[in-house]
Amino acid sequence: MDFQPVVRASEAFQQSLTAEEIGKVCRRAFGVTSMPVSAVELGTGMYNNVYRVTVAGQERPVILRVAPEPARQFRSERHLMRNEYASVPYLTVIAPLMPRVIAVDWSHEVIGRDWMVQSLLDGVPAPERLGAYPRTVWPTFFRQLGGITRSVHDVVGPYFGPVDGSGYATWSEAVIASLEEIAADLDSVGLDAADVRKVAAVAAHECSLLDEVTEPRLLTGDLWTVNALLDQAAPEPVITGVLDFDRCLFGDPAADWTIRMATARADERTAFWEPYGALDRSPAAVWRARVYEARHLGAIRLERHRLAKADAVRESYGAMAEVLAGLT
């Protein structure tokens, strides 16, 4: 087999499978006589290991995604791949844009890690293709992204919180639990979590503002340019696929990462709002947005720590202080 892993330091969060392990996965997914011809680690994701695998007898290559070892997973990121799999029935509104699930295995009998095999979508990552277009046509991309997000946010869920879970009866419970999990994760790696706990305390005190959100809607969790594929040859940006819904949850659409990114700057991305619709700008909604920003910043701090970006971790404390000042 032609095996091309990404070479990383031994202490890095992501650790590649071996060629032997990829062979075991292929035989479990496609049959005992199936053999991988090639496996190329794409290295585009920052959480799961992702490989493009060509298997003898299969018409097209497939995508193999492998979750981190259980001991490496943060409490706030536990079983993200299982959460993504549980979200598939709720994401049928965008099914033509999503990869098809071919096989999943949570048993750990083969490699000791969760893994999923998906179909390979056509298209190239948006960050690689969008820059080749003049900025005058970039609104076309963001307009499509707004329509996709609107379709997802229109899906009503049965409870608040991650899709793969027992859920919470109220939105405030889900938000506070998420903040407390992030704080516990920061503790576990020796980072100061006092500011995250202050946000959780404020959220608990003002829970009635969070509980104005009474209908749990489906959130993409992580959808933005890095999770979109574009047609390689189209004269204007055309989204051909969307990926990585492992952080899906039910809650307030305004809490979605997609909304955070769409509101970050007044540039071409303002076209996002044309199909999506206007955001609630009431005082209560603005207050909730600050809580959501604190939650995002806590998760970003964990990710920066995982990527060994010490300067960026330090910067997160200043950003969180600004958010806290607006909450209290």
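Two strands pair if DSSP finds at least two bridges between them. With that in hand, here are some close-ups of this predicted model.

**View A. Strand 7 meets strand 10.** Strand 7 and strand 10 (residues 228–230) run antiparallel and are joined by two bridges. To find your place in this pairing, look for P125, which stands opposite L229 in strand 10.

**View B. An open sheet of three strands, in the order 7-10-11.** The pairing in this sheet is antiparallel. Its edges are strand 7 (124–125) and strand 11 (239–242), each of which pairs on one side only. Helix 4 (residues 138–153) lies across strand 10 and strand 11, and runs at about 45° to strand 11.

**View C. Strand 3 and its pairing with strand 2.** Strand 3 covers residues 49–55 and is mostly covered itself, with five of its seven residues buried. Strand 2 (residues 36–41) runs antiparallel to strand 3, and five bridges join them. Here E41 is the residue standing opposite Y51 in strand 3.

**View D. The hairpin of strand 3 and strand 4.** Now follow strand 3 to strand 4 (residues 62–66): the two pair in the antiparallel sense over five bridges. Y51 turns up again in this view, standing opposite L64 in strand 4. Six residues lie between the two strands of this hairpin, and in the turn you will find G57, with a positive phi of about 95°. As you look along the strands, keep in mind that in a regular strand the side chains alternate between the two faces of the sheet.

Terms used: Residues numbered from 1 in each chain as written. Predicted model: local features only at pLDDT ≥ 70, side-chain atom pairs only at ≥ 80, totals over all residues. Heavy atoms only, no water. Buried < 20%, exposed > 50% of the residue type's maximum accessible area, 1.4 Å probe, protein only. Helix = DSSP H or I, 4+ residues; strand = E, 2+ residues; numbered from the N terminus. Contact = heavy atoms within 4.5 Å. Axes fitted to C-alpha atoms, helices over the stretch in contact; angles between N-to-C directions.
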